[in-house]
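Student: Hey, could you walk me through this one? I'm new to it.
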Amino acid sequence: MLHLPNYFNLAQQQELLTIARNIAQLNGGMTTPTMPNGARYNCSQTSCGLVGWLSDRKGYRYSKINPENSQPFAAMPPQLTEIAQKLALLVDEPHYQPETCLINFYAANCKSRLGLHQDNTEQNLKPCIISISLGDDCLFSIGGNNRKDPTTDLILRSGDALILHGDSRLAFHAVKKILPGTSNLLKNNGRLNLTFRQVY
Ligand code: SIN
Ligand code: FE2
């Protein structure tokens with residue numbers, strides 16, 4: 001795992017926020033998906049790129065069509081492709097293709113979180129997962145490749161990048177909680193996370 005605290009300066013964070021808002025708008029807003037067991041997520045989501053990540057009663061999958069508006073997902077903005085490829089170089093992945101970016105929004109309340117999971121919906125499980133944090137700090141937990149492996153907690157702050165690559169590519173991870181009011185980047189607090197994945 002590669003954690004790069006404060007990789008993006010404030011101006012870059014503001015630009016990323018504008019890009020993320022624009023994507024959400026193009027997609028007709030963010031949605032709160034359902035897990036295969038019917039439970040609601042405690043965050044809202046949208047995606048951009050060739051495909052978007054979906055979760056519902058039918059399971060987890062990638063789709064070219066956004067079920068919210070029956071249109072393709074917003075295209076990956078060139079700035080995002082450039083950022084992801086530059087980060088991938090840091091973990092020796094010069095051919096990285098960020099085919100999708102999942103945008104998660106966690107409102108500034110005690111319910112917001114994401115349970116322990118592995119990113120394994122991708123057809124190709126080799127390319128790294130790149131995550132960018134914006135807004136409020138979160139308590140993030142990362143373990144090993146088995147759900148029961150011991151976990152380590154770390155704080156992800158606005159402007160941090162985190163790369164799961166190599167041995168950590170399939171590490172279980174979770175967003176345990178948001179620490180409201182720890183950043184001024186988002187007007188009403190909360191946290192945005194951008195996760196890039198090469199799916200194929
Ligand atoms: C995710 O694991 O999909 C998102 C992680 C995060 O919000 O930091
Ligand atoms: Fe994840």
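Student: How are the donor residues of the iron ion (ligand 2) spaced in sequence?
Tutor: Their spacing is H-x1-D-x53-H. Before we go on, this is a predicted model, where local features need pLDDT of at least 70, side-chain atom pairs count only at pLDDT 80 or more, and totals for chains, interfaces and linings use all residues. Residues are numbered from 1 along each chain as its sequence is written, chains are lettered from A and ligands numbered from 1 in the order in which they are written, and side-chain values use heavy atoms, with hydrogens and water left out.
Student: OK, so which are the protein donors of the iron ion (ligand 2)?
Tutor: His117 (NE2), Asp119 (OD) and His173 (NE2), at 2.1 to 2.2 Å from the iron ion. A donor here is an N, O or S atom within 2.8 Å of the metal (3.2 Å for Na, K and Ca); water is not among the atoms, so sites may look incomplete.
Student: And where do His117 and His173 sit in the chain?
Tutor: His117 is in strand S8 (residues 114-117) and His173 in strand S13 (residues 173-179), so the pair, 56 residues apart, links distant parts of the chain. Strands (E, at least two residues) and helices (H or I, at least four) are DSSP runs, numbered from the N terminus.
Student: Is His173 buried or exposed?
Tutor: His173 is buried, at 7% relative accessible area, while His117 is partly exposed at 22%. Buried means under 20%, exposed over 50%, and partly exposed in between (1.4 Å probe, protein chains only).
Student: Switching topic: what does Ile130 touch?
Tutor: Leaving aside neighbours within four places in sequence, Ile130 has contacts (heavy atoms within 4.5 Å) that include Ala84, Leu87, Tyr96, Leu162 and Leu194. Ile130 is also one of the residues that touch the most other members of the largest nonpolar core, which has 30 residues. Such a core is a set of buried Ala, Val, Leu, Ile, Met, Phe, Trp, Tyr and Cys residues joined through side-chain atoms within 4.5 Å.
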